[in-house]
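Please consider the structure shown below.

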Amino acid sequence: MADLMTMLTTNPVARQLGVPQATRLRRGRELPAGQVALGAAGGGTVAARSLALLGVSTREALVDTSATRSVETDDKGRERQVPTPYPSRIGALVLDATGASDLRDLEAVRGLLRPAMKGLEPSGRVIVLGVEPQTAGAPMAVATQQALEGVVRSVGKELRAGATANLVRVDLLTEGATTAADLASTLSFLLEGRSAYVSGQVLHVGHAEGDAERPVEAAGQSRPFEGQVVVVTGAGRGIGAGIARTFARDGAMVVAVDVPAGGQGLAEVANSIGGTALQLDITAPDAGHRIAAHVAQRFGDAARIHAIVHNAGITRDKLLANTDDERWGSVLEVNLAAQIRMNEQLLDAGLPGGLDDGGRIVGVASTSGIAGNRGQANYAASKAGVIGLVQALGADPRLAARRITANAVAPGFIETEMTGRMPVATREVARRINSLQQGGTPVDVAEAIGYLADPASAAVTGQVLRVCGQSQIGA
């Protein structure tokens, strides 16, 4: 049955009253239907080169200037100047501002964005590229690059009909600069429906040493995990089940892990995707070793794990004044300590069935770990800890030497069986306090994890990607 707010917002009277309408989002590996417009502010070229590698054709972006505007008369006979519109709806605007260094370049950004604001198709995309501000040089250049974040976050809140806006920061000005190939997986993710619930975010792309010869696969056509072993904890239901199914769709041999009490759901998920089920309490001191032993037994002594997704987690919500040591410790143990132990065990290069060179560690954090949440001090602590963990691992030279990356996703309100048990009023508010005016789905989280775990995403590490529809709580 449709939820109350959906019924209200799809009522014709509600539309007349201006109640925000939730749009069905474009999901999966589908590219935009309309053309991809490409523009540059400051002379950047890396976006064009990366899109060419992906096989994405582009058209020249329109620019709003006083000379290109036309005069429009409203129904009251008043005239106003408006930007020249695109002949048909565009699917995306990719704006390369990596060369932007002063306020004149910010004017060029405005001029490129304005025609696209009303020219995008439903679930369209605005993708702005910049450089890491601290590498930009002169104070004016640093300020200009930092200004891009304010622009993109605001644009994401102004777009409608499921359209999103995101900023990608690359490093073009230091040794080991980001290449067009490094950028390709990120552009592909943001253009495709996989990024449906990601908006107003800043993604960081560095450079992947040793991966320069890796071919770039065309956008919208990939099965990047073909023949790869991927381990997903907490896979018996909800977000974990969605993660397992998405990896299987993209070719992975999935090891689905969950506690024995969830054995029936775990078996159903594993059977439905042709994966294997492992009943395991991840808080066991040897949990990492037992996962590795399962992989070696099922897939052979030479088999290695390409990616481990730490999704398993629990909540024990209470106001801090009512939180005892057991309630506090149990959440920290499952959500954080278990991950730390398993990572250390699986990172043993000599462990049969352990994490492979070029492997991926992905943690599931939460927007609660960024903004906090009343009654969730223990949960927020554990999820903020996950963020700190992947940031530390992303900078760890041991992982860099083996080309292993560590990243996290931070989901916002995601429609699951658990959120379905929330009080109606609380649930409806949570669904609507984001720019997309709806809750996300488990597959939205799974797609973001898939992007971070992709072998082509070797230039992305130590990052936290929020999957929250640009929540209005906590920037």
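Predicted model: local features only at pLDDT ≥ 70, side-chain atom pairs only at ≥ 80, totals over all residues.

**Terms and their grounds**

Q: Where does Arg403 lie?
A: Arg403 is located in the loop between helix H13 (397-401) and S14; helices (H or I, at least four residues) and strands (E, at least two) are DSSP runs, numbered from the N terminus.

Q: Why is Arg403 called partly exposed?
A: Buried means under 20% relative accessible area, exposed means over 50%, and partly exposed is in between (1.4 Å probe, protein chains only). Arg403 has a relative accessible area of 38%, and therefore counts as partly exposed.

Q: What makes the phi of Arg403 worth noting?
A: The phi of Arg403 is near 60 degrees, a positive value in a residue other than glycine. Most residues other than glycine have a negative phi.

Q: Which value does the phi of Ala161 take, and where does Ala161 lie?
A: Ala161 also has a phi near 60 degrees, positive although the residue is not glycine. Ala161 belongs to the loop between H5 and S7.

Q: Is Ala161 buried, exposed or partly exposed, and why?
A: Ala161 has 34% relative accessibility, so it counts as partly exposed.

Q: Why does Tyr197 count as buried?
A: Tyr197 has a relative accessibility of 1%, so it falls in the buried class. Tyr197 is found in the loop between helix H6 (180-191) and S8. Not counting residues up to four places away in sequence, Tyr197 touches several residues, including Leu25, Phe413, Asn434 and Cys468; contact means heavy atoms within 4.5 Å.

Q: How do you know that strand S6 is mostly covered?
A: Strand S6 (residues 120-131) has twelve residues, and eleven of them are buried.

Q: What makes S5 and S6 a pair of strands?
A: Two strands pair if DSSP finds at least two bridges between them. Strand S5 (residues 90-96) and S6 have six bridges, in the parallel sense. Within this pair, Val94 has Ile127 in S6 as its bridge partner.

Q: How many bridges join S6 to S7, and which residue stands opposite Ile127?
A: S6 and strand S7 (residues 164-170) pair in the parallel sense over seven bridges. Ile127 stands opposite Asn166 in S7.

Q: How do you know that S1 pairs with S5?
A: Five bridges link strand S1 (residues 36-40) to S5 in the parallel sense. The partner of Ala40 in S5 is Asp96.

Q: What is the order of the sheet of six strands, and why are S2 and S8 its edges?
A: The sheet is open, with parallel pairing and the order S2-S1-S5-S6-S7-S8. Strand S2 (58-60) and strand S8 (202-205) each have a single partner strand, so one side of each is left without a neighbour in the sheet. On average, neighbouring strands of this sheet are turned by 25 degrees against each other, direction ignored.

Q: What makes the unit of S5, H4 and S6 right-handed?
A: A crossover is right-handed if, with the strands pointing away from the viewer, the path from the first strand over the helix to the second runs clockwise. S5, helix H4 (residues 103-117) and S6 make a right-handed β-α-β unit. S6, helix H5 (residues 139-158) and S7 also form a right-handed β-α-β unit.

Q: Why are H7 and H15 called oblique?
A: Angles under 35 degrees count as roughly parallel, over 145 as roughly antiparallel, 65 to 115 as roughly perpendicular and the rest as oblique. Axes are lines fitted to C-alpha atoms, for helices over the stretch in contact, and angles run from 0 to 180 degrees between N-to-C directions. The axes of helix H7 (residues 238-249) and helix H15 (residues 442-453) come within 8 Å and cross at roughly 50 degrees. H7 and H15 are therefore oblique to each other.

Conventions
Residues numbered from 1 in each chain as written. Heavy atoms only, no water.
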